[in-house]
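This report looks at a few local features of one structure. Please view the sequence and the model first.

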Amino acid sequence: MYIDKKFWKNKRVLVTGHTGFKGGWLSVFLKLLGCKVSGLALDPVGKNNFFKCTKIKKIFKNDFRQDICDKKKLKKAMMKIKPEIVFHLAAQSSVIESFKDPSNTVVTNVIGTASLLDELKFNKKIKSIVIVTTDKVYQNYKTKKYFDENSILGGDDVYSGSKASCEIITNSFRESFYKNSQCNIATVRAGNCFGGGDWTQDRIVKDSLENFYRNKELILRKPDATRPWQHVIEPIFGYVLLAQRLSSKKGKKFAKAWNFGPSSRQNMKVAELVNLFKRELKSKSKIIINRNFKKINNKIHIFESKDLSINSNKVFKALNWKPKMSVKKAVIITVEWYLAFTKKKDLLAITRNQILSYLNKV
């Protein structure tokens with residue numbers, strides 16, 4: 001694996017969704033490479049969030065707060081930023097939120113992506129676009145199958161369906177408008193990411209950190225559900241590497257869909273992950289198993305697949321990208337970040353140090 005720092009030095013890079021958890025980590029990563037990073041997103045959500053707690057507003061050359069579906073504002077932002085590389089992460093990223101507000105989920109994830117690709121289709125300055133979707137784009141028939149990039153797309157919940165639709169619409173734009181362009185587009189599907197600063201509602205890592213730190217009981221709905229867990233730095237490194245390759249003379253061969261997940265050995269049940277956090281925090285909390293499906297307004301049942309695993313062999317071979325961090329190590333540095341937050345330490349410095357430590361080992 002090789003990131004060319006000379007390539008990234010002073011590159012004008014746009015990150016949509018920069019006020020979110022993953023977009024924030026990616027922005028810090030790119031800034032460390034010497035990029036001129038701009039962001040476009042809605043305001044960060046919640047009292048606690050990665051963007052505010054790390055005070056990363058200062059790292060951005062441009063910080064646009066707007067709806068990505070607003071075409072007039074989007075055009076003005078692109079004229080100001082003049083991006084050479086785009087990472088598109090602006091999205092509604094919660095499965096449970098998609099049950100509460102399915103319409104907004106579809107508009108943000110599908111129409112928002114189409115809006116961006118439409119605006120950039122004749123832009124001659126852009127070399128590559130990386131569209132971030134999810135490992136939940138695959139039609140999961142409740143079988144223990146490892147999904148590769150050729151597996152059937154689908155989704156029984158609106159979030160998964162919206163992201164599968166995002167994959168399809170991206171391919172349509174690529175074939176219709178970008179095929180003979182100098183700009184190459186790829187979609188990326190990562191395993192379940194966690195790390196410091198993810199305060200998205202109804203996330204198991206967030207709930208584990210908060211409850212275990214206070215020695216409060218933690219309720220698990222699906223302790224036996226298996227997921228491809230990985231620290232957020234892992235796929236971000238892959239996205240940056242992919243964008244670099246997309247911008248090269250042989251970039252067309254990388255303009256496709258890619259899985260970025262851990263090896264099958266790192267797949268882990270929810271209960272196992274939770275216990276790692278409990279031990280690391282030396283918590284006295286009780287873990288309560290409640291297998292009843294959660295309801296919204298006593299009407300809508302929340303359902304999620306029990307098993308989810310993705311096959312990343314293609315990216316292992318083509319990009320020589322492989323996860324370097326064990327789940328246990330990912331838990332350790334996530335707890336380190338959270339404890340730094342409770343002690344009101346410099347969280348941007350903590351984030352930078354964790355990224356630099358990772359880069360020194362690849």
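## The end of helix H10

Helix H10 is followed by lysine 282, which has a positive phi, near 50 degrees. The model is a predicted one.

## The buried side of H10

H10 spans residues 270–280, and its buried residues are Val270, Leu273, Val274, Leu276 and Phe277. These residues lie on the same side of H10, because they cover an arc of only 155 degrees around the axis. An α-helix has 3.6 residues a turn, so residues three or four places apart point the same way.

## Packing of H8 against H10

Helix H8, residues 204–213, packs with H10 at an angle of about 35 degrees. The axes of H8 and H10 are 10 Å apart, and the crossing of these helices is right-handed.

On the H8 side, the residues in contact are Ile204, Val205, Ser208, Leu209 and Phe212. They meet Val270, Leu273, Val274, Phe277 and Lys278 of H10. By class, this contact of H8 with H10 has eight nonpolar residues, one polar and one charged.

## Lysine 9

Where is lysine 9 in the chain? Lysine 9 sits in the loop between helix H1, residues 5–8, and strand E1, residues 12–16. Lysine 9 counts as exposed because its relative accessible area is 53%, and the cut-off for exposed is over 50%.

Leaving out residues up to four places away in sequence, lysine 9 touches Leu33 and Gly34. Lysine 361 is 352 residues from lysine 9 along the chain, and the C-alpha atoms of the two are separated by 21 Å.

Conventions: Residues numbered from 1 in each chain as written. Predicted model: local features only at pLDDT ≥ 70, side-chain atom pairs only at ≥ 80, totals over all residues. Heavy atoms only, no water. Buried < 20%, exposed > 50% of the residue type's maximum accessible area, 1.4 Å probe, protein only. Helix = DSSP H or I, 4+ residues; strand = E, 2+ residues; numbered from the N terminus. Arc of directions from axis to C-beta. Axes fitted to C-alpha atoms, helices over the stretch in contact; angles between N-to-C directions. Left-handed = near helix turned anticlockwise from the far one by under 90°. Contact = heavy atoms within 4.5 Å. Nonpolar A, V, L, I, M, F, W, Y, C, P; charged D, E, K, R; others polar.
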